[in-house]
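Reader: Hello! Please pick a single part of this structure and take me through it closely, then show me what surrounds it.

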Amino acid sequence: MNTSPEHDERMAKMTFATVYPHYVSKVEKKGRTKAELHQVIYWLTGFDEKKVEELIQRKVTFETFFEEARLNPNAELIKGLICGYRVEEITNPLTRQVRYLDKLVDELAKGKKMEKILREG
């Protein structure tokens, strides 16, 4: 699935620090914890809590965020619809990675079991 160049550029230039509070709010409203959110972020990116805080303080874009990440090899198992796009069909690699994170946060907020979210079987 092709996203528009404008959409891809918007994804790349959005800062993680502006989106992160929305992730926290979304999961906490549904009874999940910030610690669970961090577990999901760590699984996808390889970042620890110190690194996530540093990235927030630096106000990095999603482009920089994912450049510095070590994407989990099982990330390609993340499939399904998010924001009207089928994740596995997004052709722009960075936009797909941002949507991977969105999808994981969405699954967490929907109450999915952590082992399913983390693609453990």
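Author: **The buried side of helix α2**

In α2, the buried residues are Phe-16, Ala-17, Val-19, Tyr-20, Tyr-23, Val-24 and Val-27. They sit on the same side of α2, because they cover an arc of only 150° around the axis; the arc is taken from the directions that run from the helix axis to the C-beta atoms. Buried means under 20% relative accessible area, exposed over 50%, and partly exposed in between, using a 1.4 Å probe and protein chains only. Helices (H or I, at least four residues) and strands (E, at least two) are DSSP runs, numbered from the N terminus.

Before we go on, a word about the model. It is a predicted one, in which local features need pLDDT of at least 70 and side-chain atom pairs count only at pLDDT 80 or more, while totals for chains, interfaces and linings use all residues. Residues are numbered from 1 along each chain as its sequence is written, and side-chain values use heavy atoms, with hydrogens and water left out.

Now back to the helix. The face of α2 turned away from its buried side carries the exposed residues His-22 and Lys-29. An α-helix has 3.6 residues a turn, so residues three or four places apart point the same way. Helix α2 covers residues 16-29, and its 14 residues should span 20 Å at 1.5 Å a residue; the end C-alpha atoms are 20 Å apart, which agrees. The expected span is 1.5 Å times one less than the number of residues. Just after α2, Gly-31 takes a positive phi of about 85°.

What covers that buried side? The cover includes α3 (34-45), α4, α5 and α6. Here, contact means heavy atoms within 4.5 Å.

Look next at the rings. The structure holds 7 aromatic pairs. One of them joins Phe-16 and Tyr-20: the ring centres are 5.6 Å apart and the planes stand at 45°, so this pair is tilted. By the rule used, rings of Phe, Tyr and Trp (its six-membered ring) pair if their centres lie within 6.5 Å; planes under 30 degrees apart count as stacked, over 60 as edge-to-face and the rest as tilted. Phe-16 and Tyr-20 are 4 residues apart in helix α2, which means about one helical turn separates them. Phe-16 has a relative accessible area of 0%, and Tyr-20 has 7%.

Phe-16 also pairs with Phe-62, edge-to-face, at 6.0 Å centre to centre and with 85° between the planes. Because Phe-16 lies in helix α2 and Phe-62 in helix α5, this pair ties together parts that are 46 residues apart in sequence. Phe-62 is buried too, with a relative accessible area of 1%. Phe-16, Tyr-20, Phe-47, Phe-62, Phe-65 and Phe-66 form one aromatic cluster.

In soluble globular proteins, nonpolar side chains tend to be buried together. The largest nonpolar core here has 38 residues, and those with the most contacts inside it are Phe-16, Leu-37, Leu-44, Phe-62, Phe-65, Phe-66 and Leu-101. At least two residues of this core come from each of α1 (5-13), α2, α3, α4, α5, α6 and α7 (114-117). Helix α6 supplies the largest share, 8 residues. Such a core is a set of buried Ala, Val, Leu, Ile, Met, Phe, Trp, Tyr and Cys residues joined through side-chain atoms within 4.5 Å.

Leaving out residues up to four places away in sequence, Leu-44 touches residues including Phe-66, Leu-71, Gln-97 and Leu-101. Gln-97 is found in helix α6 and counts as buried at 19% relative accessibility. With neighbours within four places left aside, Gln-97 is in contact with Leu-44, Phe-66 and Leu-71.

Beyond neighbours within four places in sequence, Arg-99 is in contact with His-7, Met-11, Ile-82, Cys-83, Tyr-85, Val-87 and Ile-90.
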